[in-house]
Amino acid sequence: MTRELTIPRPDDWHLHLRDSAMLQAVLPETARHFGRAIIMPNLVPPVVTGDQAAAYRDRILAALPDGMAFEPLMTLYLTEDTDPEDVAAAHASGLVKAVKLYPAGATTNSASGVRDFDKVRPVLEKMAEIGLPLCTHGEVTDHDIDIFDREAVFIDRVLDPIRKATPGLRVVMEHITTKNAAEYVASQDKDLGATITTHHLIINRNHILVGGIKPHYYCLPVAKREEHRLALRAAATSGDKRYFLGTDSAPHTDPNKESACGCAGCFTATNTMSLLAHVFEEEGALDKLAGFASEHGPAFYGLPVSAEAMTLTKGDAPVAFPEKIETGDGPVTVFDPGFDVYWSAE
């Protein structure tokens, strides 16, 4: 039985850090384990231009505690007014590593997102030309589409047509939640990758709804049926380089989660690596964890694998994760997997 595993220091290819007091509180939870992270741009107001991305990067680095090393990989929020030349300049400078597509109204702070996809075609064509990836929140927002079907419909109505109309566009399907999405990725031979979150490997929709509503399991895209969770586990532990870790760790204060209209998001930065070791061990795939968490993402983004290392150790007693992280905005609840975890990460 494996009780110790050393892997390259992992990266998080989908992370929410927020800003100001929240940023200062949650950044150390990521920087403790992860060397780099793709930073989501859905602030209020959103990070739309290269100058705004540079300013946000500077605020992140200023919030990093002494003695911690962490590289924020910046993204731009795609709007119908995004300037293709500003995107190209931000990419050429080395600042911006991707552009994020939010269908308008799909998730937290997505009101500035895209409604008419024809209006962003010039930006997508420029991105294909320069090799800049598009990260997608893959859900339609049509009122006649059931929330549990939004991802599958997005693939058919939006994603596949965009990719066919824009040859060479590199796309990351972020936080996939369905068997449909996993199969779509597996069916494509180039220019497509997918991130999978920690929490979608652990919970299905019953965890949110059975026995009372569990607001700290509510996220978008919402967790689906058990067959979809199992499909995600199979994809993540397969060793296929098209799948890699993006936690979508998304801090909200408890009052904003535990309200009549609770915010979507699970905060997993604190315990992701321990939870992943548990999941991969359950699947008999600990030898595939380094690929998923440390190697496949850098390969897709054209970056080197970290030269630093992380050691995961399995102990005899359950690891005591903090229940909450205190922030200047209020407490944030750490994701609780609902079972004991014996793996610790150093």
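In which sense do β10 and strand β13 (residues 343–345) pair, and over how many bridges? Select both strands in this predicted model, and you will find that they pair in the antiparallel sense over 3 bridges.

With the three strands selected together, the view is of an open sheet in the order β1-β10-β13, with antiparallel pairing. Its edge strands are β1 and β13, each of which pairs on one side only. Neighbouring strands of this sheet are turned against each other by 20 degrees on average, direction ignored.

Now bring in the helices that pack on this sheet. Helix α10 (residues 272–282) packs on it and touches β1, β10 and β13, its direction making about 140 degrees with that of β13. Helix α11 also packs on the sheet, touching β1 and β10, and its direction makes about 25 degrees with that of β1.

Return to strand β10 (residues 309–314) and show its side chains, for the strand has a covered face formed by Met 310, Leu 312 and Lys 314, whereas Ala 309, Thr 311 and Thr 313 make up the uncovered one.

Within helix α11 (residues 289–301), pick out Gly 291. Is Gly 291 buried or exposed? At 6% relative accessibility, Gly 291 counts as buried. If you then draw a C-alpha to C-alpha distance from Gly 291 to Val 87, the two are 30 Å apart in space and 204 residues apart in sequence.

For the last stop, select helix α5 (residues 150–165) and helix α6 (residues 179–187), which pack at an angle of about 25 degrees with their axes 9 Å apart. Angles under 35 degrees count as roughly parallel, and α5 and α6 are therefore roughly parallel to each other. Their crossing is right-handed. On the α5 side the contact is made by Glu 151, Ala 152, Ile 155, Leu 159, Asp 160 and Arg 163, and on the α6 side by Asn 180, Ala 181 and Tyr 184. Coloured by class, the contact of α5 with α6 has 5 nonpolar, 1 polar and 3 charged residues.

Definitions and conventions. Residues are numbered from 1 along each chain as its sequence is written. This is a predicted model: local features need pLDDT of at least 70, side-chain atom pairs count only at pLDDT 80 or more; totals for chains, interfaces and linings use all residues. Side-chain values use heavy atoms; hydrogens and water are left out. Buried means under 20% relative accessible area, exposed over 50%, partly exposed in between (1.4 Å probe, protein chains only). Helices (H or I, at least four residues) and strands (E, at least two) are DSSP runs, numbered from the N terminus. Two strands pair if DSSP finds at least two bridges between them. Axes are lines fitted to C-alpha atoms, for helices over the stretch in contact, and angles run from 0 to 180 degrees between N-to-C directions. Angles under 35 degrees count as roughly parallel, over 145 as roughly antiparallel, 65 to 115 as roughly perpendicular and the rest as oblique. A crossing is left-handed if the near helix is turned anticlockwise from the far one by less than a right angle, and right-handed if clockwise. Contact means heavy atoms within 4.5 Å. Ala, Val, Leu, Ile, Met, Phe, Trp, Tyr, Cys and Pro count as nonpolar, Asp, Glu, Lys and Arg as charged, and the others, Gly among them, as polar.
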